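Here is a short briefing on how the chains of this model meet and how their parts are built. Keep the structure open while reading.

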Amino acid sequence: MSIDYLLKRLLWALPTLFGVAVLVFVLVRVVPGDPIAMMLPPGATADDVGRLRALYGLDAPIAKQFVVWMGEVLRGNFGTSISLRDGVVTLVLGRLPATLELVIVAVAAACALAAVAAVGAAYFRGRWPELLVDGAAGLVLAIPDFLWGLLFVLILGVLLPLLPISGRIDPTLDFNPATGFYLAEALVRLHWTALADLLKHILLPALALALPLAAALTRVLKGSLIDAMNQDYVTLVRVKGYSRSRILWRVALRNALIPTVTLTGVQFSFLIGGTVLIEYIFSYPGIGNLAIAAVNQRDLPLIQGLVLTFAVLFILTNLLVDMAYSVLNPKVRQS
Amino acid sequence: MKAIASLRNPRVLFGVLVVLALVVAAAAAPWLSPNDPLEQDLMNSFQSPGAGGGGQAHPLGTDSLGRDILSRLIYGARPALIVAFVAAVFAGLLGTALGLAAGYFGGRLDAAVSRLVDIWMSFPSVLLCIVLAAVLGAGLHTVVIAIIVIDWTRFCRVVRAETMLQKSHDYVASAVTIGLGPGRILASEILPNVAPLLLTLFTLEMGIAIVVEAILSFVGLSVSSGMPTWGGIIQEGRLYVNQAWWLMAAPMACIIVAVLGLNALGDGLREVIDPVKAR
Amino acid sequence: MSALLDIRDLDLQLQARQPLRLLRRVSLQVAPGQIVGLVGESGAGKTMVSRVVLGIAPANTCVTHGSIVFDGRDITHLTEQQRRHLLGREIAFIPQNPMTALNPVERIESQITDVLRMHLNLDRTGARDKAVTLLREVHLRQPERILRQYPHELSGGMRQRVLIATAFSCKPKLVIADEPTTALDVTVQKQILQLIRELQRNSGTSILFITHDLGVVAKLCDHVVVMHGGRVLESAPALKLFASPGHDYTRALLAATPRFDRPGDELRPIPAVLTQRLADEARALDARDM
């Protein structure tokens, strides 16, 4: 993929981001609830409220507020969180690595699950494993993902307490990461205890997040695999003496990935939206969790910053999916 | 009659039973529930379900404030059903109106509506939903509005495609030639043929609405009064899940059954309606 | 000299509510170093014969009678495992459609070296060098460049040469070519046929050449087998068949072939009477055998 193409895509994204920014800005200011009043103790006078409002610039007309805000944003200043008294950028960047790690683990888990399930179903075409896979995929898609998260908490966290159901890491562990990317650091520093603990904590939320994507991927991948197996190039490799498993895993799967990515590409970005609830359910310290807290507190600057962050993540995910597609399909690559 | 015959389809049967159960629970709540859902009895909190704990008085146990879970669940069917029905109806009206217009009139109107749908659908829906709820404040009306705003596109897309398909049929051409105006044509020719599809969409939408309502009340953004909602009960139960897991499990089961039932109804109706499959 | 491939009375049935006989007591032999042409209209069963030999007949078919003996071994009912040792190494295949027969997501190199590494146990560099030599043998220029390319970057003729190179790569005893020139332009067809003849002469490999084009058979084959409706109607050395055909159908086929040196001739299709007679004969055979 050429740099030109990437730049063009990023430029296209800007109007969307702008639109999102405007929408959120306007939306939260049409608020009946008053965040300023919420911040002050009950005995506050109208005067106090007025002064605080002026401090946050919330007394100016909406259009002026927007211009001011845009100006600050372009300077890299997203304001200060009303509820947490810290810079929005700091807060978001502090929590972002956790969410990124969660998303990456979830995507990897979804792809692995889907690959095994789809290949298994295609290999055992017409027999019970295929029916099992179809049924499981249907069941997973029927139950909304936030309920899966809760089911995991209930069954695997409480009834059969196999895994922790909150947090990211055991606070008593002797692990002092320098960055926010705990998993990556533990891996690089070969800190096995920390790594094991981190994986235990991330497993349930990542699985809950991954399930809907895995189910959708499995369905499409299975269909594409069956199509691929009927192609002439598969006949040829059979005649060359390839084993059945080699044909499935190395020839059919590789080809089946192309239409699969086309059809399910958009689901990857839905995963980003799913982090909001899943992080909340598992008290996982990422930006999803922060978003719920911010909304509950009517923390306008934080809400705005987070919505923009999510929008950027969406756009980046879609871009990554496109890039993956061009890697998978040699006919599309620029030579 | 075809409606009764459709009950032979196992999915439709299951779905109808679930819907009936919901309707009965919601309508007859005061008579069905053993206790007052809001009555607190701190002496009897955290009673487990069954004979050992709650016994006859509290078959599903009690929560942290001693309130009867079964009663709360039964009453919880009310907001679930109201929200599901109202939201589905209005999302359906909005989406169908735009879908019919876009599909029938085509051209610039269609382009505009399609572009709108695309942009709308590229917004992260969970986040939008929560932000909207925060903006509009607590209350069932919030939930309903949030669902309508987010999900009208589902109806719009499908209705538009179906309208375009119907429009290409001969009976529409002949209606045009005998001078019927677009309004008449839409109402008398196209709508009746789109209607069966709408029924399936409607049931699916209800399932989605129940989930959204549960999510919003789970996050604390739905009804603020003490009226029990399934999502709210889950939220309360979450705090005590280690001591009293049934507090979370029971409302979850309700939601799962409701959603599965509505989905089954939607799928089953689609099978029954689609003449190709029925053959 | 005993035949390399000896098919005797082969029966293939399609399992359905009404079982259908696809091959009716087919017998044919290919001697070592011989090029045998298998001719017939579409649906005559020629492709099906090759599929049974290769072990890739459709899953719902079944060999109900007869035997296939290859190089002294009975290969009629082999397991998947046993057959894999045979395929690619001793029996190779040239497919009909070069546009769809190559894996679109793999480079050419891996699609030639796979058999070399699987069957000849060559290592990566050794296989690569051999692949370059093979591509030169099929008269492809810049073989190193082609190895790095993907199938969609090559023309149909080039792809077919790659497929032919792959087929001959492990020095098989028998190459089955399923209408390898049908999907190509006429000019390219001629080159490919010349190539196949050249490679055969250099290696002494036997070829079972499936085609519906008698002109190709005349140019290439030593021996001809004529099929119709799943039956072998005639089997004779090429020269003899063309000079004095034994069966009415063969005569009709020859007559139906358009001749460039007699452009004014009218086209003579196979007479319906003949087709009917052949169908009746087939039905009678089914009643006797099934």
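In this predicted model, 33 residues of chain A are in contact with 25 residues of chain B. Chains B and C have no contact, and their closest C-alpha atoms are 22 Å apart.

**Chain A against chain B**

- On the chain A side, the elements that give two or more residues are α1 (3-29), α7 (145-159), α11 (244-281), α12 (287-296) and α13 (300-328) of chain A.
- α7(A) gives the largest share of that side, with 8 residues.
- The chain A side splits into 28 nonpolar, 4 polar and 1 charged residues.

**Chain C against chain A**

**Chain B**

- Chain B has 12 helices and 0 strands.
- Its 279 residues include 47% that count as buried.
- Take the contacts in chain B between residues at least 6 apart in sequence: 70% of them join residues at least 24 apart.

**A helix pair in chain C**

- α4(C) packs on helix α5 (residues 124-137) of chain C at an angle of about 115°, and the two axes are 9 Å apart.
- That angle makes α4(C) roughly perpendicular to α5(C).
- The crossing of α4(C) and α5(C) is right-handed.
- α4(C) makes the contact with C:Glu109, C:Ile112, C:Thr113, C:Leu116 and C:Arg117.
- α5(C) answers with C:Ala127, C:Arg128, C:Lys130, C:Ala131 and C:Leu134.
- By class, the contact of α4(C) with α5(C) counts 5 nonpolar, 1 polar and 4 charged residues.

**The sheet of 4 strands in chain C**

- This open sheet runs in the order β2-β1-β4-β5 (chain C), with antiparallel pairing.
- Its edge strands are β2 (20-30) and β5 (73-74) of chain C, and each pairs on one side only.
- Strand β1 (residues 5-14) and strand β4 (residues 61-70) of chain C pair in the antiparallel sense over 8 bridges.
- Helix α1 (residues 46-54) of chain C lies across β1, β2 and β4 of chain C, and runs at about 75° to β2(C).

**The sheet of 6 strands in chain C**

- A second open sheet has the order β6-β7-β8-β3-β9-β10 (chain C), with mixed pairing.
- β6 (91-94) and β10 of chain C are at the edges with a single partner strand each, so one side of each has no neighbour in the sheet.
- Neighbouring strands of this sheet are turned by 15° against each other on average, direction ignored.
- β6(C) and strand β7 (residues 174-178) of chain C pair in the parallel sense over 4 bridges.
- C:Ile94 has C:Ala177 as its bridge partner in β7(C).
- Helix α7 (residues 156-168) of chain C lies across β6 and β7 of chain C, at about 175° to β6(C).

- Strand β9 (residues 223-228) of chain C is mostly covered, with 6 of its 6 residues buried.
- One side of β9(C) carries C:His223, C:Val225 and C:Met227, while the other carries C:Val224, C:Val226 and C:His228.
- Both of these faces are covered.
- Strand β3 (residues 35-39) of chain C runs parallel to β9(C), joined by 4 bridges.
- In β9(C), C:Val224 is the bridge partner of C:Gly37.
- Strand β10 (residues 231-237) of chain C pairs with β9(C) in the antiparallel sense over 6 bridges.
- C:Met227 stands opposite C:Val232 in β10(C).
- The hairpin of β9(C) and β10(C) has 2 residues between the strands, and C:Gly229 takes a positive phi near 55° there.

Notes
Residues numbered from 1 in each chain as written. Chains lettered and ligands numbered in written order. Predicted model: local features only at pLDDT ≥ 70, side-chain atom pairs only at ≥ 80, totals over all residues. Contact = placed C-beta atoms within 7 Å. Nonpolar A, V, L, I, M, F, W, Y, C, P; charged D, E, K, R; others polar. Axes fitted to C-alpha atoms, helices over the stretch in contact; angles between N-to-C directions. Parallel < 35°, antiparallel > 145°, perpendicular 65-115°, else oblique. Left-handed = near helix turned anticlockwise from the far one by under 90°. Buried ≥ 20, exposed ≤ 12 C-beta atoms within 10 Å, placed from the backbone. Pairing = 2+ DSSP bridges.
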